[in-house]
Amino acid sequence: MRRATWIALALAVALSAAGVWADDLRGANQFLCTAVQATKCLEGGDCFVDLPWNLNVPQFIEVNLDAKQLATTKASGENRATPITHLTREGGLIVLQGFENGRAFSFVISEATGRLAVAVATEGKAVAVFGACTPLPAAAPPAGK
Amino acid sequence: MTAKLAITVVIVVLCAGAAAAQAPAPAPAPAAPTGQKTLAATLNVYVFPTTGQTPAQQSTDEATCYNWAVQNTGTDPFNLQKQAQQQAQQTQQAQEQAKQAGQGAGMQGAVRGAAAGALIGEIANDDPGKGAAYGAAAGAIAGRRRGQQAQQQATQQATQQGQQAQQATAEQMTNFKKAFSVCLEANKYMVKY
């Protein structure tokens, strides 16, 4: 309970510092996304709404469009990463797609609002995740320049 | 004169013996306990001399029957005790090894997880470890679970082997006691075990 409170507080501070809950991503190539809700559907038609981390969706995902990589944060200690094989930035949407361990995935992120929708499909089941993204601060220039 | 006296004594003794053999035999008193365990007693076999055999005679008979039973069953109870102790040690060692192997699997899992944590590839993998951290942590959990399963199987196997060995030892011991008893009964002892 205490951990969850700290996580929620940290998230609130981080996102409020950025200005709004979901953010303007125009021009940003690195951003931090958080999953808010997840739904798992089975081929029989049953769907279950669950907390993202109960479906092994990391709480925070760093999206690096330059490196074409999705990764967990260093602070999480999870050390997970997935390459992005297809990237499209069109019509105010950022679309990321890829495939890993039998799972095809699509991320659709609104550049204007930072709203995130993810679909992960694998044999016999699919997971839909909704969340929000905010730009990550650009790396500080080397000292002395 | 001395020779005549000796012959007379011999005749008297033999006559007394013949008379004793013809008369109904009184129930012999059991040999007084000497405080030392007999061979049979060490095997938890109770032996009663029905024809008044002396403790020395009983000891000799027990030794003879022990050897006879060893030859006929191929089992020596004293070796069996050693074997049973060794088996118990081996079972314990196997269980400890299984335990260590289980712990090792957890460590290996952690290393694997740290090296190859998939982000999307692990989503909805039906892992029962809900809310668990992934990457290294997930690897450790999966490794521990595999390790625990392997440990349980190995421990179970070691325990089963130990039980089977104990059962086999018990059967061998029972067979030996049967043979030992048959031999003693043939030598006019009442035997219970």
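This report describes a predicted model with chains A and B, moving from conventions to strands, loops and cores.

## Conventions and confidence

Residues are numbered from 1 along each chain as its sequence is written, while chains are lettered from A and ligands numbered from 1 in the order in which they are written. Because the model is predicted, local features need pLDDT of at least 70 and side-chain atom pairs count only at pLDDT 80 or more, whereas totals for chains, interfaces and linings use all residues.

The predictor's confidence in each residue is expressed as pLDDT, on a scale from 0 to 100. For chain A the average pLDDT is 85, and 79% of the residues score at least 70. Residues 15-20 of chain A stay under 50 in pLDDT, and the model has 4 contacts for them beyond four places in sequence, a contact being two residues whose C-beta atoms, placed from the backbone, lie within 7 Å.

## Overall make-up of the two chains

Helices (H or I, at least four residues) and strands (E, at least two) are taken as DSSP runs and numbered from the N terminus. On that basis chain A has 1 helix and 10 strands, and its pattern along the sequence is α-β-β-β-β-β-β-β-β-β-β. Of its 145 residues, 30% count as buried, where buried requires 20 or more other C-beta atoms within 10 Å of the residue's own, exposed requires 12 or fewer, and partly exposed lies in between, with C-beta atoms placed from the backbone. Among the contacts in chain A with a separation of 6 or more, 41% involve residues 24 or more positions apart.

Chain B has 5 helices and 3 strands, which run α-α-β-α-α-β-α-β from the N terminus on. Buried residues make up 24% of its 193 residues, and 75% of the contacts in chain B between residues at least 6 apart in sequence join residues at least 24 apart.

## Strand β1 of chain A and its partners

Strands count as paired if DSSP finds at least two bridges between them. Strand β1 (residues 30-42) of chain A pairs in the antiparallel sense with strand β10 (residues 125-135) of chain A over 11 bridges, and also with strand β3 (residues 60-64) of chain A, again antiparallel, over 5 bridges. Within the pairing to β3(A), A:Thr34 has A:Phe60 as its bridge partner.

Strand β2 (residues 47-50) of chain A runs antiparallel to β1(A) and is joined to it by 4 bridges. A:Thr39 has A:Val49 as its bridge partner in β2(A) and stands opposite A:Ala128 in β10(A). The hairpin of β1(A) and β2(A) has 4 residues between the strands, and in it A:Gly45 takes a positive phi near 110°.

## Loop residues and backbone angles

Most residues other than glycine have a negative phi. A:Asn79, found in the loop between β4 (69-72) and β5 (80-83) of chain A, has a phi near 55°, a positive value in a residue other than glycine. A:Asn79 is buried because 21 other C-beta atoms lie within 10 Å. A:Ser76 lies in the loop between β4 and β5 of chain A and is partly exposed, with 18 other C-beta atoms within 10 Å; its C-alpha atom is separated by 8.7 Å from that of A:Gln59, 17 residues apart along the chain.

In chain B, B:Lys188 lies in the loop between α5 (136-186) and β3 (189-192) and has a positive phi of about 70° although it is not a glycine. B:Lys188 counts as exposed because it has 12 C-beta neighbours inside 10 Å.

## Nonpolar cores

A nonpolar core is a set of buried Ala, Val, Leu, Ile, Met, Phe, Trp, Tyr and Cys residues joined through C-beta atoms within 7 Å. The largest core has 29 residues, and those with the most contacts inside it include A:Cys33, A:Leu70, A:Val127 and B:Ile123. At least two residues of this core come from each of β1, β3, β4, β7 (93-100), β8 (103-110), β9 (115-122) and β10 of chain A, with β1(A) giving the most, 5 residues.

Not counting residues up to four places away in sequence, B:Ile123 touches A:Leu55, A:Asn56, A:Val57, A:Arg103, A:Val120 and A:Val127. A second, separate core of 12 residues includes B:Cys65, B:Tyr66, B:Ala69 and B:Phe176.
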